[in-house]
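Take a look at the protein shown here. This report walks through its fold, its metal site and its aromatic rings.

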Amino acid sequence: MPRKIAARRSAIHGNGVFAVAPIAKGERVIEYKGRRRSHEEADAGDTGDADSGHTFLFTLNDEYVIDANYEGNTARWINHSCSPSCEAVLEEDDGDDRRLDKVFIEAIREIAPGEELSYNYGITLEEKHTKELKKIWECRCGSPDCTGTMLQPKKDKKSKKKDKKKDKKKKKDKKGKKKD
Ligand SMILES: [Zn+2]
């Protein structure tokens, strides 16, 4: 697919990903790439920075997490938004190897050049959503519908990005690819 996006500093948070050409509704923008690691491995740490509500982990399935700290691409810079222009779509491989499942970021509406791309990280945490956690996962997407947090209501189970709880105890967390 031709390159229609570029990463640069974002007003929302750190780096962001922006359209550099018109993107059509339904268009597959980019694959979320990265190393496949087990949840245990990912929970054990060493997967990038904490404190910022940024993470490069994305829950692929029950067995694996995509760790975009390794072999990741531009997709890891796409920010969360409460009114996103994109969604993350899981494509399951036909075989038994769940490492071969893939995640693609697809546009859910037209995106004009210069617009920042975003999707809902769908982060859910098992623990109570304390003030501190809300602070870590604060959302500054600027949308009129912004809930102020990337954390999703507890019942919503379709989380995607992975949260690193264990790390959080140590320090805090980083921008989550969602998981629960
Ligand atoms: Zn928001």
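This is a predicted model: local features need pLDDT of at least 70, side-chain atom pairs count only at pLDDT 80 or more; totals for chains, interfaces and linings use all residues.

Helices and strands are DSSP runs, numbered from the N terminus: a helix has at least four residues and a strand at least two.

## The overall fold

The protein has three helices and 10 strands. Read from the N terminus, their order is β-β-β-β-α-β-β-β-β-β-β-α-α. The chain counts 180 residues, and buried residues make up 51% of them. Now take the contacts between residues at least 6 apart in sequence: 71% of these join residues at least 24 apart.

## Around S81

Is S81 buried or exposed? Its relative accessibility is 5%, and buried means under 20%, so S81 counts as buried. The side chain of S81 reaches the backbone nitrogen of S83 at 3.0 Å. Leave out residues up to four places away in sequence, and S81 touches S118, Y119, N120 and C141. Two of these names return below. C141 is a zinc donor, and Y119 belongs to a ring cluster.

## The zinc site

Which protein atoms are donors of the zinc ion? They are the SG atoms of C82, C139, C141 and C146. These donors lie 2.3 to 2.4 Å from the zinc ion. Along the chain they follow the spacing C-x56-C-x1-C-x4-C. C82 and C146 link distant parts of the chain, 64 residues apart. C82 sits in the loop between β7 and β8. C146 sits in the loop between α2 (131-136) and α3 (165-170). The relative accessible area of C146 is 27%, so this residue is partly exposed.

Why is the arrangement around the zinc ion tetrahedral? The four donor atoms subtend angles of 105 to 113 degrees. For four tetrahedral donors, the ideal angle at a metal is 109.5 degrees.

## Aromatic rings

A pair of aromatic rings is described by the distance of the centres and the angle of the planes. The protein has four aromatic pairs. Two of them are listed here.

| Ring pair | Distance of centres | Angle of planes | Type |
|---|---|---|---|
| F58 and Y119 | 6.4 Å | 35 degrees | tilted |
| Y119 and Y121 | 5.2 Å | 45 degrees | tilted |

F58 and Y119 link distant parts of the chain, 61 residues apart. F58 is in strand β5 (residues 57-59), while Y119 is in strand β10 (residues 118-119). F58 is buried, with a relative accessible area of 1%. Y119 is buried as well, at 0% relative accessibility. Y121 is buried at 0% relative accessibility. Ring pairs link Y32, F58, Y119 and Y121 into a cluster.

R8 lies over the face of F18, at 3.7 Å from the ring centre. R76 lies over the face of F56, at 5.5 Å from the ring centre.

## Back to the start

S81 ties the sections together. This buried residue touches both C141 and Y119. C141 is one of the zinc donors, and Y119 pairs with F58 and with Y121.

Definitions and conventions:
Residues are numbered from 1 along each chain as its sequence is written. Side-chain values use heavy atoms; hydrogens and water are left out. Buried means under 20% relative accessible area, exposed over 50%, partly exposed in between (1.4 Å probe, protein chains only). A polar contact is a pair of N or O atoms within 3.5 Å; within protein, one must be able to donate a hydrogen and the other to accept it, and residues adjacent in sequence count only if both atoms are side-chain atoms. Contact means heavy atoms within 4.5 Å. Donors are N, O and S atoms within 2.8 Å of the metal (3.2 Å for Na, K and Ca); water is not among the atoms, so sites may look incomplete. Four donors count as tetrahedral if all angles lie between 85 and 135 degrees; four count as square planar and six as octahedral if opposite donors are over 155 degrees apart and all others between 65 and 115; anything else is irregular. Rings of Phe, Tyr and Trp (its six-membered ring) pair if their centres lie within 6.5 Å; planes under 30 degrees apart count as stacked, over 60 as edge-to-face and the rest as tilted. A charge sits over a ring if NZ of Lys or CZ of Arg is within 6 Å of the ring centre and within 35 degrees of the ring normal.
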